[in-house]
Amino acid sequence: RAWLDEARSAIVSATAIVARREAAYRVDPARIGGWRWTPTSYRFGYLWTAHSLIYWWREYGIVSQASTEAKSYCYLNFQNPVDVIIGNERLQELAQHIKDENADTRPWDLLTDCLAAPEIDQEMVFPDDL
């Protein structure tokens, strides 16, 4: 348990470093690091992964087994593979629908998380969303 506390402390320290670096950006951090619509197939600005520390929190959640979702191969998925790979809006909507309809249905939800990213208005917030 001590190593989990140490890992969490490192993430908290990293959060402070990210905030300090964002203060030095020459543009609004939300513009380049926010969870929002972009003209690309991604639902976030290109620095969102750094801003949110998603990779750090995801690994922490997996190691700590913070929730049953942490057992999923798609735990904290933030990509939209149908849009990235195929780019078809109707297929993307279908994938989102399948994901939403199976959100609380075990074991399907462990697989359907792979189909779509969270909605634009559902930005992941850490550590709450672990």
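This is a short tour of one protein chain, stop by stop, with something to select each time.

**Before you click**

What you have open is a predicted model, in which local features need pLDDT of at least 70 and side-chain atom pairs count only at pLDDT 80 or more, while totals for chains, interfaces and linings use all residues. Residues are numbered from 1 along each chain as its sequence is written, and side-chain values use heavy atoms, with hydrogens and water left out.

**Stop 1: the whole chain**

Show the chain as a cartoon. You'll find seven helices and zero strands, so called from DSSP runs numbered from the N terminus (helices are H or I, at least four residues; strands are E, at least two). Walking from the N terminus, you pass α-α-α-α-α-α-α. The C-alpha atoms fill a box of roughly 40 × 40 × 20 Å along the principal axes.

Of the 130 residues, 35% are buried. Here, buried means under 20% relative accessible area, exposed means over 50%, and partly exposed is in between (1.4 Å probe, protein chains only).

Colour by charge next. There are 13 positive and 19 negative side chains, and the centres of the two sets lie 8 Å apart. Lys and Arg count as positive, Asp and Glu as negative, and His and the chain ends are not counted. Each charge is placed at NZ of Lys, CZ of Arg, CG of Asp or CD of Glu.

A contact means heavy atoms within 4.5 Å.

**Stop 2: helix α4**

Select residues 54-64, which make up helix α4, and pick out its buried residues: Ile54, Trp57, Tyr60, Gly61 and Ser64. How do they sit when seen down the axis of α4? They fall within an arc of 130 degrees, so they line one face of the helix. That arc is taken from the directions from the helix axis to the C-beta atoms. An α-helix has 3.6 residues a turn, so residues three or four places apart point the same way. On this helix, the buried residues pack against α1 (2-22) and α3.

Zoom in on Gly61. Its relative accessible area is 0%, so Gly61 counts as buried. Leaving aside neighbours within four places in sequence, which residues is Gly61 in contact with? They are Ala66, Ala70, Tyr75 and Leu130.

**Stop 3**

Select Leu53, in the loop between α3 and α4. Phi of Leu53 is near 55 degrees, a positive value in a residue other than glycine. Leu53 is also buried, at 7% relative accessible area.

Then hop to the other end of the helix: just after α4, Gln65 has a positive phi of about 50 degrees.

Further along, Leu76 lies in the loop between α4 and α5 (81-85). Its phi is near 55 degrees, again positive in a residue other than glycine. Buried or exposed? With 10% relative accessibility, Leu76 counts as buried.

**Stop 3: helix α6**

Select residues 89-101 for helix α6, and find Lys99 in it. Lys99 is a charged residue, yet buried, with a relative accessible area of 13%. What does its side chain reach at 3.2 Å? The backbone oxygen of Ala116. Not counting residues up to four places away in sequence, Lys99 touches several residues, including Thr112, Asp113 and Pro118.

Ile98 touches Thr112 and Leu115, leaving out residues up to four places away in sequence. The C-alpha atoms of Ile98 and Thr112 are separated by 7.0 Å, though the two are 14 residues apart along the chain.

**Stop 4: Arg43**

Finish with Arg43, in the loop between α2 (29-33) and α3 (48-52). Arg43 is buried, with a relative accessible area of 11%. Show its neighbours, not counting residues up to four places away in sequence: among them are Trp35, Asn80, Gln96, Pro118 and Ile120.

Terms used:
Polar contact = N/O pair within 3.5 Å; in protein donor to acceptor, adjacent residues only side chain to side chain.
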